[in-house]
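Below are some notes for a colleague who has not looked at this structure before. They are meant to be read with the model open.

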Amino acid sequence: FQIKQTEDFPEVVNVDSLRLERCLGNLMENALKYSDDKVQITVVLSINNGWIQISVKDTGWGISKKDLKKIGRPFFRINHSDKPKLPGYGLGLSSVNLLVKEMKGVMSIQSKEGEGSAFCINLPIQ
């Protein structure tokens, strides 16, 4: 994977490091889990309208429009019928969403089936 950082991104940001570590760990794990072997993962650090923005983008399997509406709900799992069944309980993204809200932030998702996903954590600058 690679990390990209915009020029205006500060060297130090004031965030809850434990919560952010759990969020990023889960998003990176999902990017690997729901992708084929040659996945490319890019983490982008930027400042956007007074918010710290951390995006985890992958070239994985992507998420259908139908499933995007449900993603992040506790216990919801995507069924990729043409892919191997993967272990899990459907709690990862719901926990990321909760942790981001606890940090007074917002998580957003963009995805297209067959092209990959981008999970974005937006946190207020403190």
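1. Not counting residues up to four places away in sequence, Ile-121 touches Leu-20, Cys-23, Leu-24, Leu-27, Ile-52, Gln-53, Ile-54, Val-100 and Val-106; contact here means heavy atoms within 4.5 Å.

2. A word on the source. This is a predicted model, in which local features need pLDDT of at least 70 and side-chain atom pairs count only at pLDDT 80 or more, while totals for chains, interfaces and linings use all residues. Residues are numbered from 1 along each chain as its sequence is written, and side-chain values use heavy atoms, with hydrogens and water left out.

3. Ile-121 also belongs to the core. In the largest nonpolar core, which has 25 residues, the members that touch the most other members are Cys-23, Leu-27, Ile-121 and Leu-123. Such a core is a set of buried Ala, Val, Leu, Ile, Met, Phe, Trp, Tyr and Cys residues joined through side-chain atoms within 4.5 Å. At least two residues of this core come from each of α1, β2, β3, α3 and β5. The largest share, five residues, is supplied by α1. Helices (H or I, at least four residues) and strands (E, at least two) are DSSP runs, numbered from the N terminus.

4. Helix α1 covers residues 17-33. Its 17 residues should span 24 Å at 1.5 Å a residue, and the end C-alpha atoms are 24 Å apart, which agrees; the expected span is 1.5 Å times one less than the number of residues. The buried residues of α1 are Leu-20, Cys-23, Asn-26, Leu-27, Met-28, Asn-30 and Ala-31. Buried means under 20% relative accessible area, exposed over 50%, and partly exposed in between (1.4 Å probe, protein chains only). These buried residues of α1 pack against β2 (41-48), β3 (51-58), α3 (92-102) and β5 (116-124).

5. What covers the buried side of α3? Leu-93, Ser-94, Val-96, Leu-99 and Val-100 are buried in α3, and their cover includes α1, β4 (106-112) and β5. Just after α3, Lys-104 has a positive phi of about 65 degrees.

6. The start of α1 involves Asp-16 in two ways. A side-chain oxygen of Asp-16 comes to within 3.2 Å of the backbone nitrogen of Leu-18. Asp-16 also forms a salt bridge with Arg-19, with the closest N and O atoms 2.5 Å apart. A salt bridge is a side-chain nitrogen of Lys or Arg within 4 Å of a carboxyl oxygen of Asp or Glu.

7. Arg-19 has a further partner. Glu-102 forms a salt bridge with Arg-19, and their closest N and O atoms are 2.7 Å apart. Glu-102 lies in helix α3 and Arg-19 in helix α1, so this pair ties together parts that are 83 residues apart in sequence. Asp-16 is partly exposed at 29% relative accessibility, Arg-19 is partly exposed at 29%, and Glu-102 is partly exposed at 39%.

8. How many salt bridges does a search of the whole structure find? The search finds three. Among them is the one between Glu-115 and Lys-112 (3.8 Å, N to O). Both Glu-115 and Lys-112 are exposed.

9. Lastly, Gln-126 sits in the segment after β5. Gln-126 is exposed, with a relative accessible area of 63%. Gln-126 and Gly-105 are 21 residues apart in sequence, and their C-alpha atoms are 11 Å apart in space.

Technical notes. A polar contact is a pair of N or O atoms within 3.5 Å; within protein, one must be able to donate a hydrogen and the other to accept it, and residues adjacent in sequence count only if both atoms are side-chain atoms.
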